[in-house]
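Subject: Structure for you to look at

Hello,

Here is the structure I said I would pass on.

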Amino acid sequence: MVCIIKQRPLSAQLITLRIPLSGEPPPIPGRWPRLCPARPWRQPQQRRAASEAAAHPGAVAPPVPGSAAERLVGRWLLVCSGTVAGAVVLGGVTRLTESGLSMVDWHLVREMKPPQTQQEWEAEFQKYQQFPEFKILNHDMTLREFKFIWYMEYSHRMWGRVVGLAYVLPAVYFWRKGWLSSSMKGCVLALCGLVCFQGLLGWYMVKSGLEEKPDSHDIPRVSQYRLAAHLGSALVLYCASLWSGLSLLLPQHKLPETYQLLRLRRFAHGTTGLIFLTALSGAFVAGLDAGLVYNSFPKMGERWIPDDLLSFSPVLKNIFENPTTVQFNHRILGITSVTAITALYLLSRKIPLPRRTKIAVASLMAVAYMQVGLGISTLLLYVPTPLAAIHQSGSLALLTVALWLMNELRRVPK
């Protein structure tokens, strides 16, 4: 192909015309010769990739993660955090309905198909009858009642598999596409590993409630320590996913690094940690049924400090195994959390903050007082399942808003 340069008389612009070589058919009369395709202006990253590809013809240059890829990864992480939140809420309902010990074995694939026939249901029911919960607590349960608790636990386990697929499959796709930065690759690997660990920890927790305990006179239940570990790892997974997603999607504010802002940021970090600890203490309340011990507020019975607060020996055992102490600690943590959030709100009023940050602070304040109201109502009404489930969901909502505020206040990297 030969190119010639012709000057257009009016606009004096240079254009490139295509002149056919010998052997090629002549251009169609009456038509302007086709222009050679213009080469678009390349960005610096694209020019570097092109030069590297020219220097190494056999190598394929990896794509550079851009803002569009970061937004897509950020949305994926937010969806993943939503699936974890659903698992936490569903797990709380499973615990409140005492359904967690209805499935007495664990198979990754085989248990995905529920019983179909009457014979299969009866065989499943007979397996359940061999364990302490049926013998001590549910010895008069019918097959219809067993199906309800079985499907509650089944839905929780199936949702856990959905959570695993929501993390692993898109992670593989984004990795192969080259849309993950080096730091994000490490974060994604840690998240996927935590998902797998969470599933194993769930079965480890269930096993504690299936064991025979001849020396115990208590009703069969899972270990409160394993329940707290199971919930704690789910909360860590949720917080890490939500924080990573928000960091990729929300633009950082260029706030002046004043002493007041530094103090507000540290106070927000400490308040978020306190909210996390309060939510984690709720696992001990649920594991020991401590919400049914003293159903009065603000006093516990007729006293501010109950007589059996430290009745276990050694004293340290009361913190994790005495239902009275566990409820007392949960009350103190809840009151301390809402007090800290109120102080955080008042402190933020003295600092000029962006509009989005002010909305986050006000939302944290509103959700905190709503959560306190839900907790007191749940206690006074003797822990009804719907209200208790909303209270557990409220703790997750409060933690969500706290993380949002922390993300708004994060330091802009230099």
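This is a predicted model: local features need pLDDT of at least 70, side-chain atom pairs count only at pLDDT 80 or more; totals for chains, interfaces and linings use all residues.

The chain has 12 helices and 2 strands.

Some totals for the chain follow. It has 414 residues, and 40% of them are buried. Taking the contacts between residues at least 6 apart in sequence, 74% join residues at least 24 apart. The accessible surface is about 24000 Å², and carbon and sulfur atoms account for 64% of that area.

Next, the packing of helix 2. Two packed helices are described by the angle between their axes and the distance between the axes. Helix 2 covers residues 67-96, and helix 5 covers residues 143-177. Their axes come within 9 Å and cross at roughly 165°. Because angles over 145 degrees count as roughly antiparallel, helix 2 is roughly antiparallel to helix 5. The crossing of these two helices is left-handed. In their contact, 16 residues are nonpolar, 7 are polar and 1 is charged.

Helix 2 also packs against helix 7, which covers residues 224-249. Here the axes come within 8 Å, with a crossing angle of roughly 155°. Helix 2 and helix 7 are therefore roughly antiparallel to each other, and helix 2 passes helix 7 in a left-handed crossing. On the side of helix 2, the residues making the contact include Glu-70, Arg-71, Leu-77, Leu-78, Val-88 and Arg-95. On the side of helix 7, they include Leu-227, Leu-231, Tyr-238, Leu-242 and Leu-249. The residues of this contact divide into 15 nonpolar, 5 polar and 4 charged.

Is Arg-95 buried or exposed? Its relative accessibility is 19%, so Arg-95 counts as buried, the limit being under 20%. Arg-95 lies in helix 2. Leaving out residues up to four places away in sequence, Arg-95 touches Arg-221, Leu-227, Ala-286, Gly-287 and Asp-289.

Asp-289, one of those partners, has an entry of its own. Asp-289 is found in the loop between helix 8 and helix 9. Its phi is near 55°, which is a positive value in a residue other than glycine. With 24% relative accessibility, Asp-289 counts as partly exposed.

Glu-98 also has a positive phi, of about 55°, although it is not a glycine. You will find Glu-98 in the loop between helix 2 and helix 3, the latter being residues 118-128. Glu-98 has 34% relative accessibility and so counts as partly exposed.

Last, the cis peptide bonds. Which residues does the bond with an omega of about 5° join? That cis bond joins Phe-297 and Pro-298. Pro-298 lies in the loop between helix 8 (259-287) and helix 9 (317-321). Another cis peptide bond runs from Ser-313 to Pro-314, with omega near 0°. Pro-314 is likewise placed in the loop between helix 8 and helix 9.

Regards

Technical notes
Residues are numbered from 1 along each chain as its sequence is written. Side-chain values use heavy atoms; hydrogens and water are left out. Helices (H or I, at least four residues) and strands (E, at least two) are DSSP runs, numbered from the N terminus. Buried means under 20% relative accessible area, exposed over 50%, partly exposed in between (1.4 Å probe, protein chains only). Contact means heavy atoms within 4.5 Å. Accessible areas come from the Shrake-Rupley method with a 1.4 Å probe; for residues, only the protein chains shown count as cover. Axes are lines fitted to C-alpha atoms, for helices over the stretch in contact, and angles run from 0 to 180 degrees between N-to-C directions. Angles under 35 degrees count as roughly parallel, over 145 as roughly antiparallel, 65 to 115 as roughly perpendicular and the rest as oblique. A crossing is left-handed if the near helix is turned anticlockwise from the far one by less than a right angle, and right-handed if clockwise. Ala, Val, Leu, Ile, Met, Phe, Trp, Tyr, Cys and Pro count as nonpolar, Asp, Glu, Lys and Arg as charged, and the others, Gly among them, as polar.
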